[in-house]
Amino acid sequence: MKEISEMKLPDNVKYTDDHEWAKDEGGNVKIGITDYAQDQLGDIVFVEMPEVGATYEKGDEFGTVESVKAVSELFMPICGEIVAINEGLEDAPEQVNSDPYDGGWMISVKPSDTGELDALMDKAAYLDMLKG
Amino acid sequence: MSTESKKTLLHAWHCEHGAKMADFGGYEMPLWYSSVKNEHLAVITNAGLFDTSHMAVVLVDGPEAFDLLQTCFTNDLSACIGPQKKELYPGRCVYGAFLKENGDVIDDAIIFQLAKADYMIVINAGMGASIAAHLNAHAAGKDVVVKDLTDMLGKVDVQGPMAAKIVSKVLAEPDRVFEAMPYFSFKGHFDAASPLADAVRTSDGTPILLSRTGYTGEFGFEIFVNPNMIETLWQTILDAGDEFGITPCGLAARDSLRAGAVLPLSHQDIGNWPFMNHPWLFALPTDGHKTDFTKTFIGSDALRSSENADYTYAFIGNDLRKVSTTDPAQVLDADGRTIGSVLTCATDMALGMVDGKIYSVASPDRPAAFKAKGLSCGFVKVDRELSPGQLLQLKDNRRSIKVRTTEDVRPYRTARVPLKNML
C-alpha cells in the first residue's frame, strides 16, 4: 500500500470526496479514479461502463469498478452526457492501477454546467482530505 | 472479541513490504502486498508463502483423548484414512468439524495424531478458547488434558507446485523427511522437547512440524514452528524460493484460491445451521449415505433427524463479475423465485470459460481461445435440493449475475499430486 506522500496527484485535474478525478479537455471532461482509490481497491479486474449517450446527474452511479475482493460504485463528479468510454479497459482493466490518470480514464462527459467542475477539490484540498 | 486487533510476529515484515492490512478473526493480517491477482496466480504456477499464525492450535492428550475427540469431532477417527477408511494413526491428520448438539457448526478443524493418545487440533483464528472450553465441557471424568496454544505458535504455509523444491532447500535432511509423505500426513514437532522433534529440522537445527496440507487446493505444506523462529523461517523460505518464483501472499489470495478449490470458510460457508447437505461430506462419518453415520457424535442426532435443512452448493459464474455478500445477495431460480442466499462470492483469476468448459492457467488441454480473465465462484445456501449444472441468478442491490451449480471449480489442482513428482 502506498503512503500518501507516494500518491500521484496531478495538478491539472479536480478531485471528489469519492476519489474520482475530473479533467477539463477543452469542453468535454474526462473522468477516472485517483491513485489513492486504485491503491485501496487493489487489482482492478473489470470496469462496468455506462452507455454512450446516457445522461447523469452529479452524484449518480455511472458504473462499477471490480477488484478481486470487492465491487465499488463509480459516481458522477458533475452532471452531463456520456460522449465516450475507454474501450481499452475491457481488455486491460489493470491500466486503472498502473496509469490511473491517463490510460486508466473511464468516461468522457459533455458537462451540462461548466461551473460544477470548478467547484470540485483541487490537489491541495484533496490531499488535506486524504491526510484527514 | 477485543476491540483492538492482535498482531502476528510477522506484522512488521508485512507492513515494511507494503501490505494492505485488515482485521481477520481478531488479527491484523495482510490482505495483499502489491497484487492479489499475481499472488493468486503464483500459487497455481510457482509458489506462495502465507503467514497463518493467526490460526489457533489446541493440544489434547491423555488415555481418553481418542474417546473425547470421537465424541466431539464429526469425522470418525477409527475410519478416516484412505479409500479403505483406516484408523487415524501417528503422522496422519484428518479434516472435520466440531458441532453443537443442534448440529450447527462451532468450527471446522484438522486433527493431527502426534502419538498414541496425543493429538493436535488446528482451528480458525480466535477459536482456541471456545474449542478448548467445548472439549473441557465434555471431558468431565475423562483422563485427558486440553491445552490451548493460542498465540504460542508460529505458522507459515508454502503452497504451490514449487513448494517441495523450496522446502527441500530449507530442510537439514530433505530426502529422509520427504520419504513417504502423502497428502494429509505430517512429520516432526515444533517443540524441541518432543521426541518427534528430530524427525524434521531446518538447516539451522530448528525443529518444525511439517504437514502436507493447506487451504489453497494446490500442492504444499503447512509449517508449525516456535514463534521465536518464525521471522528467520519466513526469510529463509523466501530466500530459498527466490529462484522458483515464490511470492508472499495475503489473505485475499488465500480466499480466492480456496473458493476455486471448493473449500469452505468457517463462519461463512459453514456456521449456525446444520452441518449437512453440503459439498464436504468427507468431513462426516458416512459410508456413502448422507446420514447413515458410522459413529455417534455431538450433533449427529440432530443431523439424522433434521428435516427442511438447507442445501449448500458450489457455483461457477459465466465471467469474473461478483455479487456482494456483505448485503447478503439473493439466489433466484430459473423462475425468478428467491430460494436462498450467497455465502461466498470470489473471483478465481486463474480461470476462463471456453465453450462452457472451465479451464485454468494450469490446464494442459487449454485451447488457443483460452484467456484467464477470471470466473466468479463460491457457495450458495438454498432451501431445496438442486442438481449440478442448474442455472441460478445471484442478485445483490447493484446487479444480478448468472451462475450454475457445479461439483468442482478450478481444474488441474495439484494438492494431491505425489510429492516425488514435485521434486
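This briefing covers selected strands and helices of chain B. The model is predicted. Strand β17(B) pairs in the antiparallel sense with β16(B) and, likewise in the antiparallel sense, with β20(B). Helix α3(B) has buried residues that line one face, and helices α2(B) and α8(B) pack at an angle of about 55°.

**Strand β17 and its partners**

- Strand β16 (residues 330-332) of chain B pairs with β17(B) over 3 bridges, in the antiparallel sense.
- Within this pairing, V331(B) has G340(B) in β17(B) as its bridge partner.
- The two strands β16(B) and β17(B) make a hairpin, with 5 residues between them.
- In the turn of that hairpin, G336(B) has a positive phi of about 85°.
- Strand β20 (residues 375-382) of chain B pairs with β17(B) over 8 bridges, again in the antiparallel sense.
- In that pairing, T347(B) has S376(B) in β20(B) as its bridge partner.

**Helix α3**

- Helix α3 of chain B covers residues 65-72, and A65(B), F66(B), L68(B), L69(B) and C72(B) are buried in it.
- Viewed down the axis of α3(B), these buried residues fall within an arc of 165°, so they line one face of the helix.
- The strands of chain B against which the buried residues of α3(B) pack are β5 (56-61), β6 (93-99), β7 (105-115) and β8 (118-123).
- The buried residues of α3(B) also pack against helix α4 (128-137) of chain B.

**Helices α2 and α8**

- Helix α2 (residues 36-45) and helix α8 (residues 251-260), both of chain B, pack with their axes 9 Å apart and at an angle of about 55°.
- At that angle, α2(B) and α8(B) are therefore oblique to each other.
- Their crossing, α2(B) with α8(B), is right-handed.
- On the α2(B) side, V36(B), E39(B), H40(B) and V43(B) take part in the contact.
- On the α8(B) side, the residues they meet are A252(B), A253(B), S256(B) and L257(B).

**T45 in helix α2**

- T45(B) is found in helix α2 of chain B.
- T45(B) has 18 C-beta neighbours inside 10 Å and therefore counts as partly exposed, because a residue is buried only if 20 or more other C-beta atoms lie within 10 Å of its own and exposed if 12 or fewer do.
- Leaving aside neighbours within four places in sequence, T45(B) is in contact with V361(B) and A362(B).
- T45(B) and V361(B) are 316 residues apart in sequence, and their C-alpha atoms are 7.9 Å apart in space.

Definitions and conventions
Residues are numbered from 1 along each chain as its sequence is written. Chains are lettered from A and ligands numbered from 1 in the order in which they are written. This is a predicted model: local features need pLDDT of at least 70, side-chain atom pairs count only at pLDDT 80 or more; totals for chains, interfaces and linings use all residues. Two strands pair if DSSP finds at least two bridges between them. Helices (H or I, at least four residues) and strands (E, at least two) are DSSP runs, numbered from the N terminus. The arc is that of the directions from the helix axis to the C-beta atoms. Two residues are in contact if their C-beta atoms, placed from the backbone, lie within 7 Å. Axes are lines fitted to C-alpha atoms, for helices over the stretch in contact, and angles run from 0 to 180 degrees between N-to-C directions. Angles under 35 degrees count as roughly parallel, over 145 as roughly antiparallel, 65 to 115 as roughly perpendicular and the rest as oblique. A crossing is left-handed if the near helix is turned anticlockwise from the far one by less than a right angle, and right-handed if clockwise.
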